[in-house]
Amino acid sequence: MECRLTREDMPNMGVNAFTVRNGELHEASAELLIPPAGQLLAPSVVPGKSQYRPGEQGNVTIQVKGPDGKPVSNGIVALAVYDKALEYIARPNITDISKTVWGRLNETGFLSLKKMTASGTQQDRGPGQPSFQSLLYRNYGPMARKAKGTVNGFAEAVFDSGADAAASRALATGAAAPAAVPVMAMAADKESAESESLANGQGNADAQENGSPHIQLRTNFADYIKWCGTLKTDDEGNVAVPVEMPDNLTTWKASAWVITPGLQVGQASAEFLTTKDFMVSMQAPRFFVEKDIVMLSALVRNRTGKAVRARVSISLKDGCLELLPADDPAVKGLSADTDNSAVREVDVPAQGQVVVNWWAAAVREGTAAVAMEASAGSTGDAMQMNFPVLVHGMKQLHAESAAVLSGEQEKTLSISLPQQRRREESELVVKVSPSIALSMVEALPYLAEYPYGCVEQTLNRFLPALVVTDTLKQLGLNLGAALKSHRSLNPRDIRNKAFHDSVMKKLERNPVYDEAALKKMAARGISSLREKQLSNGSWGWFGGAEEGDPVMTAHVAHGLKIASNTVNVPEGMLSKAVRWLKNYQERQTALLEKGDEYRKLEQLPDGPKKKEAIRKLGDYRLTASATDALVYSVLAECGVKNLPMERYLFRDRLELPVISQIQLAEILLDAHRMDDFKKVMPIISQFLQQDDSLQTAWLRLPNEGYWWRWYGSGAATQAAYLKLMAKSDPGNPVTARLAKWLLDNRANGSYWDSTKDTADCLEALSAYLLQTREGMEDMEAEILYDGVPVKTIASTKETLFTFDNAFRMSGKDLTDGNHVITIRRKKGRGNIYANATLSYFSLEDPIPAAGNAVTVERSYYRIRKETVKDGSVKDTQTDAGELVSQGRDLTRRTLLKNGDVIASGDIIEVVMTVKTKNDVEYLMLLDPKPAGCESRETASGYARLGTVSGYREIGDEEIRLFLSSLPMGQYQISHRLRAERPGRFSALPAVIEAMYAPELRGNSREHKIGISMSAAQNNDHPQ
């Protein structure tokens, strides 16, 4: 039987065969490989010449032929012509077009009639079905069976070429990429390519021995010079593209990709040079910082057969850079003595080169134009490049907060303004608020918009909104009005209000903005929970679970109990859940009682009777658990008590996680067992931490071993403690600080890490508001600046979301030096929260560190590898008599102090220690480089960065690191630099900031570093 194969069957297809003989079914399957040899084109890229002069008009021709050698017309061609040096930075990252189009196998399925008759249709992987790699590599899998004539095709035709094949294999197998090539090495590679071609007699055919004495100034430099995406081949299979050469002296690579309507594909590339026989190349950093001292170098190359006397000069334009005197003390110790005059004469040997160095200082910010010229008789070269000179300064943000608690009259905040700053960019903002807890309402739209529907998320989509709405109604406030005001009552918040308003406006369709719509949403949620409830009254994670989960059932029962105060809960829905929890609790109590019996049996002497008694005892439990505490607290809330379980929880209180100890304390408080309550509270409060600068308090949880369990959630535990403190001691200053910590640790700006955490925090903050009535009392506070009253801020319940709560001062009104801001109570007895945010552009030298809630410290280390010889290890000789030194390779890490000098070529490890006092998300860490250094890494991407992972972006002036989250704590983040250009440089401070919470910002101090010429550079006859 014959079957016609078409192009659609490439590069493989599966075949099934069935027959019946003598009443017995026979079947077979096979994988047919159909190499797409007829689909692979053979294009070529032909530059008009192998070498061009800068600015010359050239062309590139693409010739496309098919597998049969005939021209291919109407082929679509994409052409890119770029500086080959870019491949050192980006690395070739485009897969072969043949591999992309034809390298992936079709999905094939094989039918088994026997299995179909037994259990329904099945698909099996065919016998010996090759994998993707099989079509890529020779000598691997089915593709290797050339001798049997199985395959003779695609992989061999496309990838059977040395370096390209190795590169493709490295990409496919995840092999390590080549080490990054330093910038100076890139330049050396460019020049070596030019040198080799010229030395082989490949000089520019158009170059005349006696050229014009006029020297062209090269200013047009480009990374790429041509991109064409939709070229078409003519009837001869050709397409010619004009190319105008820029002023770079480098190797250009022209790469072309071809595709036809019939999915024939191919690609090719070629290289050509732009060069001169006598040329000057500039060596300089990518940028400068004001006050930097830097060595600028001209590399003068003579590729003719005669030595010449050359006149070399430098010109610094626009006043951003200035040449230093030859004896300037700033360059002492950085290089051999050099004449620093702008014009010099040097001897350049035939087929040789000379380096001419100048010392320059960056004196002001702007764009510096640097021109260098070299002339020898009738020949010469000149080039000019522009460099950014960055200001020696940065924006700094200082924030201080304070709380005038009930019973206190005033609090003070301190600020300090340096003399060296841009006064017009200085601003002080002081905000005052009678409540921070009310800013919790911003989380409600997030919960209502949450897209997933497990049992917990179904509950918490509506429950927190009911809780907050009921709380605000009891306080005489309206939730919809609070949300529509887009007002954050947290004085620390300095977000962009216009942007926040635009985001919140889009959420006004959300049902939490309207009480009637909210009740409808709650009714739908309760109906969904009823559908997910099992017949025995319990819930699992999702509806249709095989058995109920006590934790999930307890959460839902607690939620329905609260919701029943506001909306209708179907009869029997909650009582069935309570009955299931009660039965569960009784079973656990029985197991704990049997655990008591086991303890007694353990006291008996060992023997057969003891073993038999333990065997008859069956299952038992020795200690109460976190689940027992949760279930008991929910049942007690529903009016069901189990005194034996209560006694077990109290007995085992030291074994419980902190959140369960908090639940136990609340159980004891509600039962009026005050003596036992006082015994539990110290166990919890031993973990209490406070930060006076942020006015926060929290529990440092000892839960490293169970953070991933439900009872290990930090936010839920802090919320439970706030709820307990609001009930037991609402006037304690710690209670207000706990509320502030919860609000400051909203990882996403308005809500917490999960729907469960967000719901717990909103319930706790609502309890805190009800107990303290924070913000409900009329408030009047006076702001004094250096003892002088500057503004009175007043709020009432009616104006809570509209009153003017900020005082601003900016520009020349902010004078240098230290200042005191006083927040003085004039009316009311409630808490008054205040925050002062001072921002200015610092021009200090050095720039000091700043930050509070998040800080960064930066250290520089020199990294050197050394071979340490062990006394027990002797040197050895090779067969050729060569002496080989034996030893151990060690890496020495030496701390570099501010101003220390290292040598060009040294490796620097930059270590940044980030400390955050809260859990934060979406951070950006910017680390400005010293101008004389280059990053060891050249490719951006995700990477391990010391003790954390994140996205690293390599820029000309700085390394940018993006971190998705950092829990409260301390972290080390590192990367490496290579010292390149000699000079004295300022590394501007590293800055860390939360991208969506601009009040979280900190910077390190500035670091200064010197780079001297290496021994090799000093011996290279610099002029």
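Reading the terms in a predicted model

Q: Why is Tyr 996 called exposed?
A: Tyr 996 has a relative accessible area of 59%. Exposed means over 50%, buried under 20%, and partly exposed in between, with a 1.4 Å probe and protein chains only as cover, so Tyr 996 counts as exposed. This is a predicted model, where local features need pLDDT of at least 70, side-chain atom pairs count only at pLDDT 80 or more, and totals for chains, interfaces and linings use all residues. Residues are numbered from 1 along each chain as its sequence is written, and side-chain values use heavy atoms, with hydrogens and water left out.

Q: Where is Tyr 996 found?
A: Tyr 996 is in the loop between strand E46 (991-994) and strand E47 (997-1003). Strands (E, at least two residues) and helices (H or I, at least four) are DSSP runs, numbered from the N terminus.

Q: What makes a patch of Tyr 922, Met 995 and Tyr 996?
A: Patch residues have over 30% relative accessible area and no salt bridge; nonpolar side chains (Val, Leu, Ile, Met, Phe, Trp, Tyr) are joined within 5 Å, like charges within 9 Å. A salt bridge is a side-chain nitrogen of Lys or Arg within 4 Å of a carboxyl oxygen of Asp or Glu. Tyr 922, Met 995 and Tyr 996 form such a nonpolar patch on the surface, with about 350 Å² of accessible area together. Areas come from the Shrake-Rupley method with a 1.4 Å probe; for residues, only the protein chains shown count as cover.

Q: Why is Asp 337 called exposed?
A: Its relative accessible area is 83%, so Asp 337 is exposed. Asp 337 lies in the loop between strand E18 (321-323) and strand E19 (343-348).

Q: What makes H9 mostly covered?
A: Nine of its 12 residues are buried, among them Leu 463, Ala 465 and Leu 472.
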